[in-house]
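Here are some notes to read beside the model. Please keep the structure open as you go.

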Amino acid sequence: MDDDLNTIVKVRSLTKNFGDVSAVAGIDFDIRRGELFGFLGPNGAGKTTTINMLTGLAHPDRGSIHIAGINCTNNSKAAQHLMGIVPDESNLYPELTGVENLCFCGALYGMAKRDRESRAQELLGLFGLAEAAGRKFVGYSKGMKRKLTIAAGIIHHPALLFLDEPTTGIDVASARQIRQLIADLNRSGTTIFLTTHYIEEAERLCGRIAFIVGGKIVRTDTVENLMHPTQKQQVMEFFVEGQASEVVGDLCVGFPELEIRRVEGGRLRVASNQAVHIGPLVRLFEEHGLEVTEVRKIRPTLEDIFVEITGIEAASIKREKEKTGAAL
């Protein structure tokens, strides 16, 4: 298939500044029809600014945006009929009921009364909100509000759905339900652009991922390709009691073929393209007065790749999770 026909979003040199701050610094990427494309980065990386430009809520300073072949750079409304938008904060009306909010959104998209009412009931059932259909939105829980906001974004059957941090700040059960709904929507043919700072969420859901840091995309690839180099490695994690920092230097000298780094919780992670022999390492630990309490073989995750590519420690991402109160 021709690349242009297979591409639903095409972004080139997209740039947005706020005074002296470069929020988005000349980024390029494409989104293919039918894929679930992840935009992964810490808070303040430029994710929301990018999604705001793509959906017409912000105007780029430079660069171009094409959606389904339509030039939306200077005419953000030209492709809005193709898009569903779920912002990071709900944009629904607190005084309206669940069904009234959905029907109102359907009317905004030009849906006929019978069609929007039928679609609203379908989505309320699909999202497990049928019993709350007549309740005012203001009385919904955080998870229920998030689900109804997503339902409102897809009431008109959009070809392209923008999801900005869909599971931030909600409970574990609701987050799992929303991830399942996202996966089901994608399997049904909806193209999804997902911004998140939850590394595990991106790994579970996305086919391709762009890492954005400081307004710049530092890597774009499939999850499989991102993971492939590390899958060739053997990675062992040593749980030790004592000052592990004191032994790292001697490990690096005595075992130059190994990649060694400290991780949280008094652990050392050892990686090699060859088999890692535990015995000599344990003996060296013991010589330094350290007790090895546990050794685990680790399957590298997208979190490891993120740390390697961006230089941002996963601990900073975890702190953001704790601030928002969301769980995966």
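1. Contact means heavy atoms within 4.5 Å. Helices (H or I, at least four residues) and strands (E, at least two) are DSSP runs, numbered from the N terminus.

2. This is a predicted model: local features need pLDDT of at least 70, side-chain atom pairs count only at pLDDT 80 or more, and totals for chains, interfaces and linings use all residues. Residues are numbered from 1 along each chain as its sequence is written, and side-chain values use heavy atoms, leaving out hydrogens and water.

3. Ten of the twelve residues of α5 are buried. Buried means under 20% relative accessible area, exposed over 50%, partly exposed in between (1.4 Å probe, protein chains only). Among the buried ones are Met-144, Leu-148 and Ile-150. Arg-146 and Lys-147 are buried too.

4. Now look at helix α3 (residues 98-108) and helix α4 (residues 113-126). They pack at about 135 degrees, with axes 9 Å apart. Axes are lines fitted to C-alpha atoms, for helices over the stretch in contact, and angles run from 0 to 180 degrees between N-to-C directions. The contact includes Val-99 and Leu-102 of α3, and Ala-120 and Leu-124 of α4.

5. Check two backbone angles. Ser-13, in strand β1 (residues 7-18), has a positive phi near 55 degrees. Ser-13 is partly exposed, at 40% relative accessible area. His-157 lies in the loop between α5 and β7. Its phi is positive, about 55 degrees, although His-157 is not a glycine. His-157 counts as exposed, at 56%.
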